[in-house]
Amino acid sequence: MVALAGESGSGKSTAALSLMRLLPWGAKVGGQIMAGDRDVAALSREDLRRFRASEARIIMQDPWSSLHPMHSVGAQLVESARVADPKLTKGAARELAIETMRRVRIPDPESRMKSYPHEMSGGQLQRVLIAMALVAKPKLLLCDEPTTALDVSTQAQILDLLRELNREMGLTIVIATHDLEVISGLADRLVVMYAGRVVEEGPTDQVMSNPQHPYTWALLQTAPRNNTGQRMRTIEGRPPALDDLPEGCSFAARCQFTIVDCRTGRPELLLIDEPRRHRTACFRVQAEHAATTTHTQEEQ
Ligand SMILES: Nc1ncnc2c1ncn2[C@@H]1O[C@H](COP(=O)(O)OP(=O)(O)O)[C@@H](O)[C@H]1O
Ligand SMILES: [Mg+2]
């Protein structure tokens with residue numbers, strides 16, 4: 001389970017959509033998008049259609065706009081199952097739909113099949129959307145801010161469900177969120193984005209307890225504590241416009257720890273802890289890391 005975190009506007013949704021090649025017309029994706037041993041960026045039209053129908057599914061932020069208002073929930077589940085596997089009979093797809101609704105803890109699934117989206121609560125609808133993805137038996141589930149539209153107690157239930165699906169079904173989940181509270185104790189790995197790029201990536205506990213990039217550090221400082229809803233502090237300044245990025249590090253203008261390099265070059269995402277695959281894109285941290293590594297080598 002991987003979390004994509006960053007302030008609103010940092011490029012989380014764009015990154016998630018890119019993974020499915022669902023970007024708007026004219027957008028370009030460079031490099032590769034590896035799903036297992038296949039490059040999604042190089043899939044043919046037909047393979048891409050199959051990939052989106054059954055291997056990887058995406059759940060967008062707003063459950064209301066993601067379902068057809070005039071079709072019953074059951075019809076939409078059956079449709080999703082049969083698009084993923086055209087060999088399924090209607091009866092088998094219906095059974096799979098009911099079983100999956102039960103799996104995501106929708107009470108009384110047989111009669112719920114007949115409900116329309118407007119007859120269900122936000123939390124129930126989010127479960128239906130998860131079920132719509134699951135009937136396709138995907139390997140990867142992308143969730144874009146899956147709980148932002150929900151109240152706090154429903155949020156917790158949906159997150160518990162996602163964690164359970166990840167553990168029990170071995171489903172890989174990528175969850176994009178601006179809310180760091182959501183991530184701790186949930187995601188195995190944390191990817192922090194700033195101005196459309198990854199600035200830090202590593203095991204969630206390590207990144208949260210020992211953040212390396214100054215942006216991650218600042219972001220953690222702004223997370224509300226003790227459910228008081230109070231923000232500890234805010235990060236001064238604003239992120240740069242993505243169509244007009246500065247020459248050096250995109251965070252330099254807001255960073256308290258800049259060195260000369262930060263204004264001229266763009267830091268790459270480099271490993272600073274190999275066994276735990278902790279990476280950061282910060283010149284200063286990389287320089288300090290290089291210094292300590294050489295130091296230890298000299299001592300040995
Ligand atoms: N890598 C990128 N290159 C260019 N534009 C980007 C990139 N990532 C995001 N954007 C643009 O920035 C804006 C905010 O991105 P979005 O993905 O919606 O952020 P978030 O989901 O973190 O709030 C969008 O208009 C998007 O098109
Ligand atoms: Mg978004």
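This is a short tour of a predicted model, stop by stop, with something to select at each one.

Before you start, residues are numbered from 1 along each chain as its sequence is written, and chains are lettered from A and ligands numbered from 1 in the order in which they are written. Since the model is predicted, local features need pLDDT of at least 70 and side-chain atom pairs count only at pLDDT 80 or more, while totals for chains, interfaces and linings use all residues; side-chain values use heavy atoms, with hydrogens and water left out.

**Stop 1: ligand 1**

Select ligand 1 and show what surrounds it: E7, S8, G9, S10, G11, K12, S13, T14, G196 and L242. A residue makes this list if one of its heavy atoms lies within 4 Å of the ligand. Sort that shell by type and you get 1 nonpolar, 7 polar and 2 charged.

A polar backbone atom of S10 sits 3.2 Å from an oxygen atom of ligand 1, and for a polar backbone atom of G11 the distance to a ligand oxygen is 3.0 Å. T14 uses its side chain instead: a polar atom there is 2.5 Å from an oxygen atom of ligand 1. On its own, ligand 1 has 550 Å² of accessible area, and the protein covers 54% of that. Those areas come from the Shrake-Rupley method with a 1.4 Å probe; for residues, only the protein chains shown count as cover.

**Stop 2: strand β7 and its partners**

Next, select residues 189–194, strand β7. Helices (H or I, at least four residues) and strands (E, at least two) are DSSP runs, numbered from the N terminus. Two strands pair if DSSP finds at least two bridges between them. β7 pairs with β1 (residues 2–5) in the parallel sense over 4 bridges, and L4 has V191 as its bridge partner. With β8, β7 pairs in the antiparallel sense over 6 bridges; here V191 stands opposite E201.

**Stop 3**

Follow the chain into the hairpin of β7 and β8, with 2 residues between the strands. A195 is the one to check there, with a positive phi near 50°. Y194 and R197 are bridge partners. Strand β8 (residues 197–203) has 5 of its 7 residues buried, so it is largely enclosed by the rest of the structure.

From β8, step across to β10: 2 bridges join them, and they run antiparallel. Look for E201, whose bridge partner in β10 is R279. Strands β9 (residues 270–273) and β10 (residues 278–280) run antiparallel and are joined by 3 bridges. They form a hairpin with 4 residues between them, and R277 in the turn has a positive phi of about 50°.

**Stop 4**

Select residues 122–134, helix α6. Its 13 residues reach 18 Å from first C-alpha to last, close to the 18 Å expected at 1.5 Å a residue; the expected span is 1.5 Å times one less than the number of residues. Because 13 of its 13 residues are buried, α6 is largely enclosed by the rest of the structure.

Then pick K137, in the loop between α6 and β5 (140–144). K137 counts as exposed at 60% relative accessibility, and its phi is positive, about 50°. Most residues other than glycine have a negative phi, and most peptide bonds are trans.

**Stop 3: two last picks**

D108, in the loop between α4 (90–103) and α5 (109–112), has a phi near 55°. Finish at V260, in the loop between α10 (214–222) and β9, which is exposed at 70% relative accessible area.

Technical notes: Polar contact = N/O pair within 3.5 Å; in protein donor to acceptor, adjacent residues only side chain to side chain. Nonpolar A, V, L, I, M, F, W, Y, C, P; charged D, E, K, R; others polar. Buried < 20%, exposed > 50% of the residue type's maximum accessible area, 1.4 Å probe, protein only.
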